[in-house]
Amino acid sequence: MANQIATFFQSSPEGARSDGVADHINMFWEPRMRTQLFERIDAGKTDDLHPLVLEALPNIRRPEKPLEERASHQG
């Protein structure tokens, strides 16, 4: 789905392309979907991601971990 968003924004003016991808994902993707995206990226599975998705990554908000998961890591 991220690749479809990137394909849509590919026709935007150059300075707005990756910002458009990041803004769309931040506004319309629920945290679970963004978590799945970052899990792929953290696992190094980026070969099939559109270059605009990769360019937008610094501006895509990474969801916080659930409270129960944060508590278990504090030990």
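## Orientation of H1 and H2

Helices H1 and H2 lie oblique to each other. In this predicted model, their axes come within 9 Å and cross at roughly 140°. That angle counts as oblique because roughly antiparallel requires a value over 145 degrees. The crossing of the two helices is right-handed.

## The contact between the helices

From H1, the residues Ala2, Ile5, Ala6 and Phe9 take part in the contact, and they meet Arg17, Gly20, Val21, His24 and Ile25 of H2. By residue class, this contact of H1 with H2 divides into six nonpolar, two polar and one charged.

## Buried and exposed sides of H1

Within H1, the buried residues are Ala2, Ile5, Ala6 and Phe9. These residues lie on the same side of H1, because the arc they cover around the axis is only 100°. Gln4 and Phe8, on the other side of H1, are exposed.

The cover over the buried residues of H1 includes helix H2, residues 17-28, and helix H4, residues 51-56.

## Surroundings of Ile5

Ile5 belongs to helix H1, which spans residues 2-9. Its relative accessibility is 8%, and Ile5 therefore counts as buried. When neighbours within four places in sequence are left aside, the contacts of Ile5 are Val21, His24, Ile25 and Trp29. Among these, Val21, His24 and Ile25 are also residues of H2 that meet H1.

Ile5 and Ala22 are separated by 17 residues in sequence, while their C-alpha atoms are 9.4 Å apart in space.

Definitions and conventions: Residues are numbered from 1 along each chain as its sequence is written. This is a predicted model: local features need pLDDT of at least 70, side-chain atom pairs count only at pLDDT 80 or more; totals for chains, interfaces and linings use all residues. Side-chain values use heavy atoms; hydrogens and water are left out. Helices (H or I, at least four residues) and strands (E, at least two) are DSSP runs, numbered from the N terminus. Buried means under 20% relative accessible area, exposed over 50%, partly exposed in between (1.4 Å probe, protein chains only). Contact means heavy atoms within 4.5 Å. The arc is that of the directions from the helix axis to the C-beta atoms. Axes are lines fitted to C-alpha atoms, for helices over the stretch in contact, and angles run from 0 to 180 degrees between N-to-C directions. Angles under 35 degrees count as roughly parallel, over 145 as roughly antiparallel, 65 to 115 as roughly perpendicular and the rest as oblique. A crossing is left-handed if the near helix is turned anticlockwise from the far one by less than a right angle, and right-handed if clockwise. Ala, Val, Leu, Ile, Met, Phe, Trp, Tyr, Cys and Pro count as nonpolar, Asp, Glu, Lys and Arg as charged, and the others, Gly among them, as polar.
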